[in-house]
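The sequence and structure come first.

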Amino acid sequence: MRAAALADPGAFHGDIAVRRIHWFVANCGPAGAWLSRDDAGAWTGWDAATGAPVAPALPASFAPWTRAFDDSNPPHWRWFTGGRTNAAFNEIDRHVLAGHGAEAALVFEGDRWDMAADGGRGAPVDTFTVSRKRLLLEVAKCAVALEALGLKAGDRIALNMPSIVPQIFWTEAAKRLGIVYTAVFGGFSDKTLSDRIADAGARVIVTSDGSYRNAQVAAFKTAYTDPALDNYVPVSTALGVLAATDLGLAPADAAVINETVAETLAGEVTVERSDVMRGVGRALIKLGEAGRITASDAARVRLAIASSLVTLPPRVDTVIVVRHTAQPDIVWRAERDRWSHELTDAALETILKAANVASEDALMALPDADFVRAIWASSKPLAVDADYPLFFIYTSGSTGKPKGIVHVHGGYTAGIAHSMQVAFDARPGDTIFVVADPGWITGQSYQISAALLSRVTTVVSEGSPVFPHAGRFASMIERHKITIFKAGVTFLKSIMSDPSNLADVQRYDMGSLRVATFCAEPTSPSVQAFGMEHVTPQYINSYWATEHGGIAWTHFYGNADFPLKADAHAFPLPWIVGEVWVEDENASGEAAPFARSGSEGVSWRRAAAGEKGEIVIAAPYPYLARTIWGDVENFRVENGSVVGNWKGDAGRWESGYWSRWQGAWAYTQGDFAIAHEDGSFSFHGRSDDVINVSGHRMGTEEIEGAVLRDKALDPNSPVGNVLVVGAPHREKGLTPLAFVVPVAGRKLTEEDRQRLFNLVRTEKGAVAVPADFIEVSQFPETRSGKYMRRMVRALVEGGELGDVTTLRNPESLT
């Protein structure tokens, strides 16, 4: 298959795309039709105006686009040029048109827990199901509401809220209208949210009044959204206001102030007003020292600028607030803030009037096809170009200017839908539980899009998978008969750390599970073995990141040629041209599938089997990201198409991901891997999570895996979890330092330490042996479940911790 994908990428991926999603074909019928091709080569679908079934006499070779793969401008490859589709139609409308409106699309389980329910085993306080029909109606209400607020295709909205069902309603509404959205993780600081709102150019923010987490009610709008919008100013706005303020100074003196403030704010997206005034103060000191301004004039200038910064234009048009926790005393700005339920209630009246239906109950009682026609009377999905931006999501851990990774309506939706079948054997009737927030790519791709595309019921959970006890996730698997489970490594490590946690898990029946997979961080063989023994035998490893769009490396479900072993390995999907490359100044150059002219980049060679290097993807594929969000001034949309030659922040996309290797276009994520003789890969963390000990480079994940082997070798091991960083060393440059969270009730003895020293020496060599094993109670961890090694390194080195507001447990740093 890989040879076919390389020989004719358009034909290979086009065959997948016409089978996995429906495409809008304008010349099929008076209003066009939504069509897909079945495995037998027949084209079927629905009339785009009436929703009536159609089966046009098109040949199997028909393509709903003019060019399947355009490689004329690498690395800005385009897929399915001339083709049109819509992600929301494929995720919702088509399933209801096909008669599946009564199926469960979503199951919600809230954070709150009743310990006395189910005979003392406990059960959630809040849980409900949303049918595909109900989902379509709620999404249509949100779409009508957005249009009533004046939004149109090409506008942007930002969603910043807990993992609750209304987030999906508003997300799908944006898709439906061709509005480009960005979901910002609910745990980010107000400054981080502010930067993303400004970078996106969002006109509307969707948030909630509050959230539930670990049985606590927390403010949301007043904690995040209001401070982000009210306390911060876009740098461009601040500089514009400054330039427009009459300072009553000579032009040269005013220029000093403008230039000094610009220098002070350089590299920032949004700033507090005090940051602007700090720059003003620096400029006034310069002018004062040069005798160019008096004290009274300086005071007058300060007052003029401060006054100008008070009354700034509103940053967004509207803040839509979902009432979730009924927070008391919520701050409300009548000119900006709108309740979600009030907007959707008004939208329902519009929908009922357009459909000529008396009530919502009467609307829901209509047969599926009639129901869709009734919805379409006021809210039709907009057919957009295949490469029309669907959303952009900011990469976790990014610093400086936000990096919004752009995914699109066509190739992204078709590709992640196909990955569901290859990795999980997903089929209608399955139920998937993805432990993720929609603010991360895993939530967007598999909790929402891939599940809905595949007619798989998706479980949305607001709370932690291990609250109020470690068996919470297992209880959900039992209760909802979950067949596919996707979660990060961290939570399973926490269960491994204490035998009582495993006992909590074993109270529940997880027999419904067919497959589970890791995500977020590299796993180790011991963790995978634990999952295979105690969760499901088919606990596979997967590898992908925000930019990949969906799973790129996995284990092929049900394929006997690839027996599953607890080795933490995964195989590249057939269309992923995955390789491991090594920098080598003596390399003479090797051929790559997509050659790049010029001498820029480093010399390289392909790694030998068993040799560690950088993991690369040597050929594009349709659900890989298109660019980094940027060049907003030139982003214009007309009739479902992006006008002109917009490429986003093309320079960052090219230099950051594609231009490292001399003579080749190869996508480089920045992760270490090893390719093995059997075609599998093992993954070894970020290539910048490297310790250089006396010239020996090693990934910290390797050492952690060696320490964790103690758990496999000794059932009574005191090691709960481990995190390794490099500590400065006078002779070696860096030396490994291991932080260990012991099993509950245990401490590391000197005998334990000696055993661990010897184990790492045996597994990885003397150079990898940590200088010490330091006991800690917990590691700094983001709310998405990633350990913040950077902060641990900063503690060790005495450096700046940076923004700690994204941490779930900031007390871990004290």
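In what follows, buried means under 20% relative accessible area, exposed means over 50%, and partly exposed lies in between, with a 1.4 Å probe and protein chains only. The model is predicted, so local features need pLDDT of at least 70 and side-chain atom pairs count only at pLDDT 80 or more, while totals for chains, interfaces and linings use all residues. Residues are numbered from 1 along each chain as its sequence is written, and side-chain values use heavy atoms, with hydrogens and water left out.

**Salt bridges**

A salt bridge is taken as a side-chain nitrogen of Lys or Arg within 4 Å of a carboxyl oxygen of Asp or Glu. The count by this rule is 51 salt bridges.

| Glu91 | Lys175 | 3.0 Å |

Helices (H or I, at least four residues) and strands (E, at least two) are DSSP runs, numbered from the N terminus.

Glu91 and Lys175 pair through a salt bridge of 3.0 Å, N to O. This pair links distant parts of the chain, with Glu91 in helix H3 (residues 87–97) and Lys175 in helix H5 (residues 165–177), 84 residues apart. Is Glu91 buried or exposed? Glu91 has a relative accessibility of 1% and therefore counts as buried. Lys175 is buried as well, because its relative accessible area is 0%.

Asp337 is buried at 2% relative accessible area, and Lys221 is buried at 0%. Both residues also take part in a network of salt bridges that links Lys221, Asp226, Asp230, Arg333, Arg336 and Asp337.

Arg373 is partly exposed at 33% relative accessibility, and Asp370 is partly exposed at 31%.

**Helix packing**

Axes are lines fitted to C-alpha atoms, for helices over the stretch in contact, and angles run from 0 to 180 degrees between N-to-C directions. The axes of helix H8 (residues 235–244) and helix H9 (residues 251–265) come within 10 Å and cross at roughly 170°. Angles under 35 degrees count as roughly parallel, over 145 as roughly antiparallel, 65 to 115 as roughly perpendicular and the rest as oblique. H8 and H9 are therefore roughly antiparallel to each other.

Contact here means heavy atoms within 4.5 Å. On the H8 side Val235, Leu239, Leu242 and Ala243 take part, and they meet Ile257, Asn258, Val261, Ala262 and Leu265 of H9. By class, this contact of H8 with H9 has 8 nonpolar, 1 polar and no charged residues. In this classification Ala, Val, Leu, Ile, Met, Phe, Trp, Tyr, Cys and Pro are nonpolar, Asp, Glu, Lys and Arg are charged, and the others, Gly among them, are polar.

Helix H20 (residues 525–534) has Ser526, Val527, Gln528, Phe530, Gly531 and His534 as its buried residues. These buried residues pack against helix H18 (489–496), helix H19 (499–505), strand S27 (515–519), strand S28 (539–540) and helix H22 (700–713).

**Domains**

Domain bounds come from an automatic or database domain assignment. That assignment gives domain 1 (1–86 + 390–584 + 607–673) and domain 2 (686–813). The centres of the two domains, taken over C-alpha atoms, are separated by 31 Å. In the contact between them, 20 residues of domain 1 touch 21 residues of domain 2.

**Backbone geometry**

Most residues other than glycine have a negative phi, and most peptide bonds are trans.

The peptide bond from Pro74 to Pro75 is cis, with omega near 0°, and Pro75 lies in the loop between strand S5 (67–70) and strand S6 (78–81). Another cis peptide bond joins Phe467 and Pro468, with omega about 5°. Pro468 is placed in the loop between strand S25 (457–461) and helix H17 (472–480).

Ala326 is not a glycine but has a positive phi of about 55°. Ala326 is found in the loop between strand S19 (318–322) and S20, and is exposed at 54% relative accessible area. Asn356 also has a positive phi, near 55°. Asn356 lies in the loop between helix H12 (340–355) and helix H13 (360–364), and counts as exposed at 73% relative accessibility.
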